[in-house]
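This report looks at one protein chain, beginning with the whole and ending with single residues. Please keep the sequence and the model at hand while reading.

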Amino acid sequence: MEHETLKGSGVTRLSWFEKIWQTFCRWVVKIFYRRFEVSGLENLPENQGIVLCANHVNALADPLVLQAATKKAIRPLARSGLFDNPLLRPVLQHIGAVPIYRRADPGVDVSKNTDTFEKCYGLLSKGETLIIFPEGQSHDDSRLSELKTGAARLALGTIDVTGVEPAVIPVGLTFPQKGQFRSAVLVQFGMPVELRFPENYTDEQKTNELTERIRQGLTSLTLNAESWEEIHLVNRIEQFFAMRHGKYHRRNLQQRFRAQQRIIDAQKLLRNYEPDRVRALIIQLKHFERICHYCGVKDYQLSIDYKPTLIVLYLLRMVGMLLIVFPIALWGMINSYIPYQITKRLTRRFARGTNQYDTTQMVLGLISFSAVWSLQVFLIFQYFGWQWTILYIVTLVIRSAVLLMVRGEKQRIIENIRVFVLFLRKRDLKSYLWKKRQALEKELAKMVRIANRLSNH
C-alpha cells in the first residue's frame, strides 16, 4: 500500500484506513484494559525511521497495543502464514504489514526474505516505523526468550544499503494479569540502542553485538524471573511495600514495575547469601496469604478504621450505586450476557496458552457482541421503527459504558460488607492479621537493608 510523505518533513501522512485502524486499536485497548499506561514516547524520533523491538508475550494483542500507544503509523513484520488468513490479509495489507518467512513454518520459502528486507530498507529510509519481535514468536515464559538476529540485520542492512541510520528502540510490554478482561498493560519505549561499532568489527560481529544491545535494552524493560511463581511472590511483596504502615501508597504501573524489578534483583542476591532466611520469609508470607484467603480478607481491608463517619459515607455511596448506577449496569449485564458467555466459552476452547487469551477474547468478543447487538438493532427496527432503534442504540452505548465503569464494584461492596461483619463478630481477627502483617513488614525491611548492603559491595 502506498503512503504519502509530507514534502521536506519526513513524516508520513496516514491513509484513511490507517486513521480508522488507529482509532479502532485505541478503542479496543480502552475497552479491554482497565489501565493502559505508556512511557518513553519522547524517545521516538520524529523525522527518522524506527525499528521497534518488542518482547512478544501476548500474540496479536501485542502489535494492537503498540499501535494504540503511539500516533505513528506502525508497519508490523508479521509471519507469512497470517497473510493466508482471509480475514487478516486485507487488514495487514492496508496497514502496510510486511511478511516474514520463517524456517519453522512448513512449506515456507525463506528466500523470499530477501525481498522482505529490501522493502524494509526502503520503508526505514523514508522515515517509517516498523515493529519486529526479536524473540520470534509469542510465548508464556516468565523471562525473555533467546533473541533472533533479524532486528539487528534489518537496522545494519538499512545503513549499508541506503546510507540512512534508523533508530532502534527496545519496547517492553508488561501485562500484570495476562488473559484477564479489564486488567492492565504497561508499554515502555526505551532509549535508542547505540549503532556505533569499532572499525575492525566484521558484519557478523556487528550483528551479534547489536542483538546483545537490544537484549540488554529489553531486559531493562521487562520482568525476568525464574518462574511465574516467583513473579507472583514478587508481586505480593511489592503490594506489601505499597501498603506499608497501614497506608496505601498509590503507584502507577511503571512505578510498580520498577519496584518489582528491584525486588527480583534483591531476591537473586539474597538467595545466594541468605538462602535460609529467604526460604523462611517465603513460608511466612504464604502462610499469611492462606489465612487471608481463607477469611476472605484483602490487604487494604486491614488498614480500614471503621469510624461511624466512614460507615455512614460508605452506606450513602452504596445506596447511590444501588439506586442509580446498578440498575443501568444490570440492564447492560442482561443485554450483554449472551455474547459475553459465547466469548468466554469459545476463548477457553480455542486459546492455546495464556499468551493467546487476550487476542482470542478480543477477536471473539468483537464478533460475538457485534453479531448479537446487530441482530437486536435489526429486530427493534423491524418491529418498532427507526425512532425506537435510535433510542436503543443510545441506551446501548450508555449502559455498556456504565457496565465497564462499575465492573467489579458490586463484588467489592459485597466483600467489604462481609469483612466488616466478620470483624464485628471476631474482634481479635483483625488485630491478629495486622500484627502478622507488621511482623512480615519488619522482616522485609531487614531483607531490603541486607540486599542494599550486598549490592553496594
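This is a predicted model: local features need pLDDT of at least 70, side-chain atom pairs count only at pLDDT 80 or more; totals for chains, interfaces and linings use all residues.

Residues are numbered from 1 along each chain as its sequence is written, and side-chain values use heavy atoms, with hydrogens and water left out.

The protein chain has 15 helices and 9 strands, taken as DSSP runs (H or I of at least four residues for helices, E of at least two for strands) and numbered from the N terminus. Its C-alpha atoms fill a box of roughly 75 × 75 × 45 Å along the principal axes. Of the 457 residues, 46% count as buried, a term for under 20% relative accessible area, with exposed meaning over 50% and partly exposed the range in between (1.4 Å probe, protein chains only).

The protein chain carries 64 positive and 41 negative side chains, and the centres of the two sets lie 11 Å apart; Lys and Arg count as positive and Asp and Glu as negative, without His and the chain ends.

Two residues with their elements and relative accessible areas are set out here.

| Residue | Element | Relative accessible area |
|---|---|---|
| Lys344 | helix H11 (residues 308-350) | 34% |
| Arg13 | strand S2 (residues 12-13) | 42% |

Lys344 is partly exposed, and Arg13 is likewise partly exposed. The C-alpha atoms of Arg13 and Gln48, which are 35 residues apart along the chain, are separated by 14 Å.

Definitions and conventions
The place of a charge is taken as NZ of Lys, CZ of Arg, CG of Asp or CD of Glu.
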